[in-house]
Amino acid sequence: MRALQATFLRELRAYFVSPLAYLVMCFFLVYNGAIFAAVISVLNDPRSGGTERPMDQLFQGFFFWIILCFITTVLTMRLISEELRSGSIEVLMTAPITEVQVIVGKYLAALTFYCALWVPTVAYAGIVARYSHVDWGPIAGGYFGIFCLGALFLSVGVLFSALTKSQLLAAIMTFVVLVAVLFLIGLLDNLFNGEVAKQALGYVNLFGHMEEFHKGIVDSRHLIYYGSAIFFFLFLASRALEDRKWR
Amino acid sequence: MIEAHDLSRRYGDFTAVDGVSFTAADHEILGMLGPNGAGKTTTIRMITGFLPPTAGRVTVAGRDLFESPTEVRRHLGYLPENVALYPEMRVEEYLLYRARLEGLTGGEVRAAVGEAVERCMLEEVRHQIIGTISKGFRQRVGLATAILHRPEVLVLDEPTVGLDPKQIISIRELIRELGRERTLLLSTHILPEVELLCDRVIIIDRGRIAAEGTPESLRQSWVGNPGLRVTLKDAPEAAPATLEQIAGVIAVRAGAGGPGSFVLECDRTADPREEVFRAAVERGWVLLELARERASLEEVFVRLTTHEQPLEVGGAAGAGGAAGAAGASGGAGAGSMSAEDGADAGGASRASAAGEAAPPPPPAAAGHGEDEVPS
């Protein structure tokens, strides 16, 4: 446990001393700020008809999903690839720490930094609340959804980072897989009309989940879905890390 | 205490380490010698638990590596060949992290880091970022990491590579000091280092142990008969014949120092220096030099690890291999027959290797500073 904690703190600190992390943070805030400004200006137009839940606009649509995939990719690509490339994995894995602890420690650090990225965006809700009525329930649901999605995406990123020495390759694989799977499932969900197919796809359709989170609905099925998927990817990542021994 | 039993490691079809067994006792510095690619690093990685062996067993500090890997690692300090650190961290920060990773808590952490910084002479770079310090300092940070948790067993893979001569001396002093307190396995290809530091040596070649023993016993059993270097001024024709008459002299060869220079091959127990001196005085020869040739470990090394090209595998290389096996089983007591066989095979292959791309250095170069042995 102590080893896991040490790894977690080291990784977290590594984020805060790396220029890339600050670059990502800046970009992320500018990006979200721009979307927020666009949403507000559209809603201010009398022809738009307005909305009951202005914050929703921020957490859905193509731009939201792309930045989500992008951010999680950038945050995880370095995590294990870097250790494999530089060779520091050798001193790490000869310390009294298990593969699972390494993976979980690094994953939690990435998740923490990811959450820290989103914290400033709460200000947008504050701004809206200053001038208009805000229903905090759905907003909290939306943030919870962001947390769940991020947690899932980061676990995928950790897996790919454990599979290759090359950060770039890890990043490309993570991003492509996330985007492809995400949009493919969304597309299939819209294409199929069969009862069973609809239900199955609905269960894994992340767009659908997010919509429900926005309404403030937190379905335990979704939580189990995210929990088991994260467990699965992290398990694979720790197996990938162990596998290097046999090559 | 490290015990390796019949360790083997295969990478696909390639066998990197093939049935290596050895024991390093408490308070012993065991040297591991071998040309590049002999399987030293693979062996070391199996002992530290970084690589699992394909076959065999490792016991470190009384615990089986396979059964309790985490517990073993707690008692083991390791300096890998390529010291990879996190370049964005500060030295002290990194050591604090490592101390916590090793399971130290509270006050222990600071105390351990303080001690390691002091022992590895890192005070001046303590607050610097690792990415900005020199290779020598990084090596020392790696060493500090290895000794942080005061492990019973230390494994150092080429600890002095990339250091300047002054740093090498200080690191060697530190290694000697560390070896007094614990078991230390030291891999190197710098031969003088082995002679300076190690109580016992194993020579690994092509994944097998070619010889094992103290540096002294290896020298005795592998280099054959001791030589005596004699240089005479204006040596007369009769000199070789006269010298050969002296009791204890087996043969006289021409030395490297020109016409008046000879090397007398002597009986192992005899010291004919006095006789040589008298013979020279009686005949009025001017004796310019009279010295015993001390066989170097380098010569042992070259003889044990130089092989014929594949074309002649059945010949001299086979003899070398057989001699190696004899050395491994018989240690210092290996019969003189097999020792000579080994020497002959080594000599022959040395001659043939000289025509190849990478000739090994002649034995005469032995002992001159930090000569490295090419593979």
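In this predicted model, the contact between the two chains draws 22 residues from chain B and 19 residues from chain A. On the side of chain B that touches chain A, helices α2 (69-74) and α3 (91-101) each supply at least two residues. That side of chain B comprises ten nonpolar, seven polar and five charged residues.

Chain A has twelve helices and zero strands. Its radius of gyration is 19 Å, close to the 18 Å that the globule rule gives for 247 residues, so chain A is as compact as a globular protein of that length. The C-alpha trace of chain A extends over about 65 × 45 × 30 Å along its principal axes. Of the 247 residues in chain A, 38% are buried. Among the contacts in chain A between residues at least 6 apart in sequence, 81% join residues at least 24 apart.

One helix of chain A may be followed in detail. Helix α12 (residues 220-243) has 24 residues, which at 1.5 Å a residue should span 34 Å; the end C-alpha atoms of α12 are 34 Å apart, in agreement with that value. The buried residues of α12(A) are A:His222, A:Ile230, A:Phe233, A:Leu234, A:Ala237, A:Ser238 and A:Leu241. An α-helix has 3.6 residues a turn, so residues three or four places apart point the same way. The cover over the buried residues of α12(A) includes α6 (99-118), α8 and α11 (206-214) of chain A.

Chain B contains 13 helices and 14 strands. Of its 375 residues, 43% count as buried. For contacts in chain B with a separation of 6 or more, 69% are between residues 24 or more positions apart.

Which residues does A:Val158 contact, leaving aside its neighbours within four places in sequence? They are A:Thr76, A:Leu79, A:Ile80, A:Ile103, A:Lys106, A:Tyr107, A:Phe233, A:Leu234 and A:Ala237. Among these partners, A:Phe233, A:Leu234 and A:Ala237 are also buried residues of α12(A).

Note on methods. Residues numbered from 1 in each chain as written. Chains lettered and ligands numbered in written order. Predicted model: local features only at pLDDT ≥ 70, side-chain atom pairs only at ≥ 80, totals over all residues. Contact = placed C-beta atoms within 7 Å. Helix = DSSP H or I, 4+ residues; strand = E, 2+ residues; numbered from the N terminus. Nonpolar A, V, L, I, M, F, W, Y, C, P; charged D, E, K, R; others polar. Buried ≥ 20, exposed ≤ 12 C-beta atoms within 10 Å, placed from the backbone. Expected span 1.5 Å × (residues − 1). Rg over C-alpha atoms; globule rule 2.2 N^0.38 Å.
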